[in-house]
Amino acid sequence: MRIIYKLQQEHGWPPVEEERLWAVPLSDEVVRIANTPWFVRDVAVNDLVGVARDSSGILRPTEKISWGGFCAIRVIPSSESSKFANLQEILDLFAPLGVVGEGLGQFGLVALAVPPGVDAVGVKRLLSQGFEAGWWDYEEACVGGSW
């Protein structure tokens with residue numbers, strides 16, 4: 001099933017007005033998020049979210065009930081750096097740390113899902129290293145206490 005978030009745009013970003021996230025129904029009013037968001041903030045894989053159908057029958061979030069332990073980080077490669085031929089190369093850098101994700105070529109960004117129990121210090125170090133080297137910018141879209 002899909003849950004559809006309305007997004008607040010500022011200066012043309014994010015480049016879409018809504019984002020559809022995969023979700024696993026736990027009841028009529030609660031779902032578990034099943035994928036890493038590209039643009040929604042404060043939501044990550046495994047989070048529990050309250051939902052309700054709007055007047056058009058679309059499933060919309062009503063509240064975030066609990067954090068599921070994953071962190072969501074967005075990485076945007078620098079257009080000035082020729083370090084990466086494709087987004088998969090960025091994912092490959094994070095994979096040895098236990099981080100999974102997906103690249104969205106249309107908008108040139110990578111969404112990382114940082115599972116609980118991975119080396120958060122190592123992930124942060126790599127994010128900072130890439131930022132300082134001018135390889136990318138990044139956003140901590142949804143992080144918890146372990147981050």
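How much space lies in the largest pocket? About 190 Å³ does. The model is predicted, with local features needing pLDDT of at least 70 and side-chain atom pairs pLDDT 80 or more, while totals for chains, interfaces and linings use all residues. Residues are numbered from 1 along each chain, and side-chain values use heavy atoms, without hydrogens and water.

**View 1. The lining of the largest pocket.** A pocket is an open set of 1 Å grid points where a 1.4 Å probe fits, with protein on both sides within 12 Å along at least five of seven lines; lining residues have an atom within 4 Å of a point. The lining includes Tyr-5, Trp-13, Phe-39, Arg-41, Arg-74 and Glu-139. By class it has 6 nonpolar, 1 polar and 4 charged residues.

**View 2. The largest nonpolar core.** Such a core joins buried nonpolar residues (under 20% relative accessible area, 1.4 Å probe, protein chains only) through side-chain atoms within 4.5 Å. Of its 18 residues, Val-75, Ile-90, Phe-94, Leu-112, Leu-127, Trp-136 and Trp-147 touch the most other members. Strand 6 (71–77), helix 1 (87–94), strand 8 (109–114) and helix 2 (120–132) each give two or more residues to this core. Apart from this core lies another, of 17 residues, among them Leu-7 and Phe-39.

**View 3. The buried face of helix 1.** Leu-87, Ile-90, Leu-91 and Phe-94 are the buried residues of helix 1. Seen down the helix axis, they fall within an arc of 100 degrees, so they line one face of helix 1. They pack against strand 6, strand 7 (100–104), strand 8, helix 2 and strand 9 (136–142).

Note on methods
Buried means under 20% relative accessible area, exposed over 50%, partly exposed in between (1.4 Å probe, protein chains only). Helices (H or I, at least four residues) and strands (E, at least two) are DSSP runs, numbered from the N terminus. Grid points are joined across faces, edges and corners, and a volume is the space filled by probe spheres set on the points. Ala, Val, Leu, Ile, Met, Phe, Trp, Tyr, Cys and Pro count as nonpolar, Asp, Glu, Lys and Arg as charged, and the others, Gly among them, as polar. The arc is that of the directions from the helix axis to the C-beta atoms. Contact means heavy atoms within 4.5 Å.
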